[in-house]
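Welcome! Let's walk through this structure together, one question at a time.

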Amino acid sequence: MIGFKGGDLELNGFIWKPPAEGPFPALLWNHGSEKSPGSIDTVAPYFVNKGYAFFVPHRRGQGRSPGPYIMDELNMAGSRLSGERGRREIELHETHLEDQLAALQYLQALAYVDKNRIAVMGFSFGGIQTMLAIERGYRVAVNCSGAAESWRGSSFLRSRLTIAASKATIPVFFLQAENDHDLTPNRVLSEEVRKAGKPVEAKIYPAFGSSPREGHSFCVRGTETWFSDVLRFIETHLR
């Protein structure tokens, strides 16, 4: 576990490193809304075995990092359909974006990381975070199931993510399982990236498990299925 400064907090996370000196290309993983993200050991070894450093920063209030838990703060703001909750969700994501960018700065400063070859990938809430950061210093991005649970219930989130996608400055790969909660956000946002003139791919994989919840977990439990596609996309655009 490592520590890095995020605003006035000492945040924490996990770094996986290949068994060599580097410098390595790197991938920053944006975790979801889960309270205890851990080290993402269902995904990290795939990238490490291909020579990537893999960084899992824990944003404030989640995992090993101090602060209020984002879902508790959201629940205090009202029901999923309330305007107050929608506004609060954007505020919280903007704060968490600052945590993510602090983590990126930490990663860029590591001697064994090639700061010119850093990709970002995010799942669920982490997919939202990935979209908010696609003009902020990465070379390529992967959005898995971002906003699949919250797209329909928040016009504020739809607007914020659509604007972010329309300003894309890097290539973006979108992926989901067919039985995820909602396939709309990846379809809408991938089209915005396309209109911005950046390389984009959007792929829907066969259903994973037997429920929307299991389909939503595809990013962290179905790595063997999507990994070769994602690696090809990342390596094409990190060259």
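Q: Leaving aside its neighbours within four places in sequence, which residues is Gln129 in contact with?
A: This is a predicted model, in which local features need pLDDT of at least 70, side-chain atom pairs count only at pLDDT 80 or more, and totals for chains, interfaces and linings use all residues. Residues are numbered from 1 along each chain as its sequence is written, and side-chain values use heavy atoms, with hydrogens and water left out. Contact here means heavy atoms within 4.5 Å. With neighbours within four places in sequence set aside, the partners of Gln129 are Asn30, Arg59, His93, His96, Leu97 and Gln100.

Q: Is Gln129 buried or exposed?
A: Buried means under 20% relative accessible area, exposed means over 50%, and partly exposed lies in between (1.4 Å probe, protein chains only). Gln129 has a relative accessible area of 0%. By that cut-off, Gln129 is buried.

Q: With which side chain does the side chain of Gln129 make a polar contact?
A: A polar contact is a pair of N or O atoms within 3.5 Å; within protein, one must be able to donate a hydrogen and the other to accept it, and residues adjacent in sequence count only if both atoms are side-chain atoms. The side chain of Gln129 reaches the backbone oxygen of His93 at 2.9 Å. It also makes a polar contact, at 3.0 Å, with the side chain of Gln100.

Q: How many of the eight residues of H4 are buried?
A: Helices (H or I, at least four residues) and strands (E, at least two) are DSSP runs, numbered from the N terminus. Gln129 sits in helix H4, which covers residues 125-132. The buried residues of H4 are Phe125, Gly126, Gly127, Ile128, Gln129, Thr130, Met131 and Leu132. H4 is therefore largely enclosed by the rest of the structure, and its buried residues number eight of the eight.

Q: What is the phi of Ser124, and where is Ser124 placed?
A: Ser124 is in the loop between strand S5 (113-123) and H4. Ser124 is buried, with a relative accessible area of 6%. Although Ser124 is not a glycine, its phi is positive, at about 60°.

Q: What is the phi of Ala147?
A: Look in the loop between strand S6 (140-144) and helix H5 (155-166) to find Ala147. Ala147 is buried, with a relative accessible area of 2%. Ala147 is not a glycine, yet its phi is positive, at about 70°.

Q: Is the peptide bond from Gly22 to Pro23 cis or trans?
A: Pro23 lies in the loop between strand S2 (9-16) and strand S3 (24-30). The omega of the bond from Gly22 to Pro23 is near 5°. That peptide bond is cis.

Q: How far apart in space are Gln108 and Gly137, C-alpha to C-alpha?
A: Gln108 belongs to helix H3 (residues 83-108) and is partly exposed, with a relative accessible area of 28%. Not counting residues up to four places away in sequence, Gln108 touches Lys115, Ile118 and Gly137. Gln108 and Gly137 are 29 residues apart in sequence, while their C-alpha atoms are separated by 9.8 Å.

Q: How far apart in space are Gly67 and Leu11, C-alpha to C-alpha?
A: Gly67 is in the loop between strand S4 (53-58) and helix H2 (70-76). Its relative accessibility of 44% makes Gly67 partly exposed. Gly67 and Leu11 are 56 residues apart in sequence, and their C-alpha to C-alpha distance is 9.3 Å.

Q: Which residues is Glu73 in contact with, leaving aside its neighbours within four places in sequence?
A: Glu73 has its place in helix H2. Glu73 is buried, with a relative accessible area of 16%. With those neighbours left aside, its contacts are Pro68, Arg88 and Leu92.

Q: How many helices and strands are there in the protein, and what is its radius of gyration?
A: The protein has nine helices and eight strands. The radius of gyration is taken over C-alpha atoms, and the globule rule is 2.2 Å times the number of residues to the power 0.38. For 239 residues that rule gives 18 Å, so the protein is as compact as a globular protein of that length, with a radius of gyration of 17 Å.

Q: What percentage of the 239 residues in the protein is buried?
A: Along its principal axes, the C-alpha trace spans about 50 × 40 × 35 Å. Among contacts between residues at least 6 apart in sequence, 74% join residues at least 24 apart. Of the 239 residues, the buried ones make up 55%.
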